[in-house]
Amino acid sequence: MKYRISDPLEYYISTRGIESEAQNRLLEIIKAAIRTEFAKRTMQEVISLERNELMRDMMSEASALAGDLGISLIDVRVKRVEFSPRVA
């Protein structure tokens with residue numbers, strides 16, 4: 001993920017100015033957004049051409065929550081998706 005501090009005061013208040021705290025909170029926000037977007041689609045839709053739409057929707061949801069941390073998301077890339085054994 002790439003991000004920029006858009007509101008230094010909000011960033012400092014929400015993360016105490018600790019970069020690892022910001023990254024951990026962003027990671028949780030992104031994971032939740034990915035889970036939400038995957039839940040809206042079938043597995044075929046996730047691995048098909050709708051991937052761009054999925055990433056756009058995930059980015060939109062995560063960006064809104066990251067704003068509460070004084071952060072603007074620039075880019076997020078999903079490298080790997082692990083499905084539970086029940087899915088296979």
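**Reading contacts and burial in a predicted model**

Q: Which residues does Ala62 touch, not counting residues up to four places away in sequence?

A: A contact means heavy atoms within 4.5 Å, and with residues up to four places away in sequence left out, Ala62 touches Ile29, Ile30, Ala33 and Leu73. This is a predicted model, in which local features need pLDDT of at least 70 and side-chain atom pairs count only at pLDDT 80 or more, whereas totals for chains, interfaces and linings use all residues. Residues are numbered from 1 along each chain as its sequence is written, and side-chain values use heavy atoms, with hydrogens and water left out.

Q: In what order do the elements of the protein chain run from the N terminus on?

A: Helices (H or I, at least four residues) and strands (E, at least two) are DSSP runs, numbered from the N terminus. Here the protein chain has four helices and two strands, and their order from the N terminus is β-α-α-α-α-β.

Q: Which residues of α4 are buried, and where do they lie around the axis?

A: A residue is buried at under 20% relative accessible area, exposed at over 50% and partly exposed in between, with a 1.4 Å probe and protein chains only. In α4 the buried residues are Leu54, Met55, Met58, Met59, Ala62 and Ala66; because they cover an arc of only 130° around the axis, taken from the directions from the helix axis to the C-beta atoms, they lie on the same side of α4. The face turned away from that buried side carries the exposed residues Arg56, Ser60 and Ala64.

Q: What do the buried residues of α4 pack against?

A: They pack against α2, α3 (43-47) and β2 (71-75).

Q: Which residues have the most contacts inside the largest nonpolar core?

A: A nonpolar core is a set of buried Ala, Val, Leu, Ile, Met, Phe, Trp, Tyr and Cys residues joined through side-chain atoms within 4.5 Å. The largest one has 20 residues, and those with the most contacts inside it are Ile30, Met58, Ala62, Ile71 and Leu73. Two or more residues come from each of α2, α4 and β2, and the largest share, seven residues, is that of α2.

Q: Is Leu26 buried or exposed?

A: Leu26, which lies in helix α2 (residues 19-39), counts as buried because its relative accessibility is 0%. Not counting residues up to four places away in sequence, Leu26 touches Met1, Tyr3, Ala66, Leu69, Ile71 and Leu73. Leu26 and Met1 are 25 residues apart in sequence, and their C-alpha atoms are 8.7 Å apart in space.
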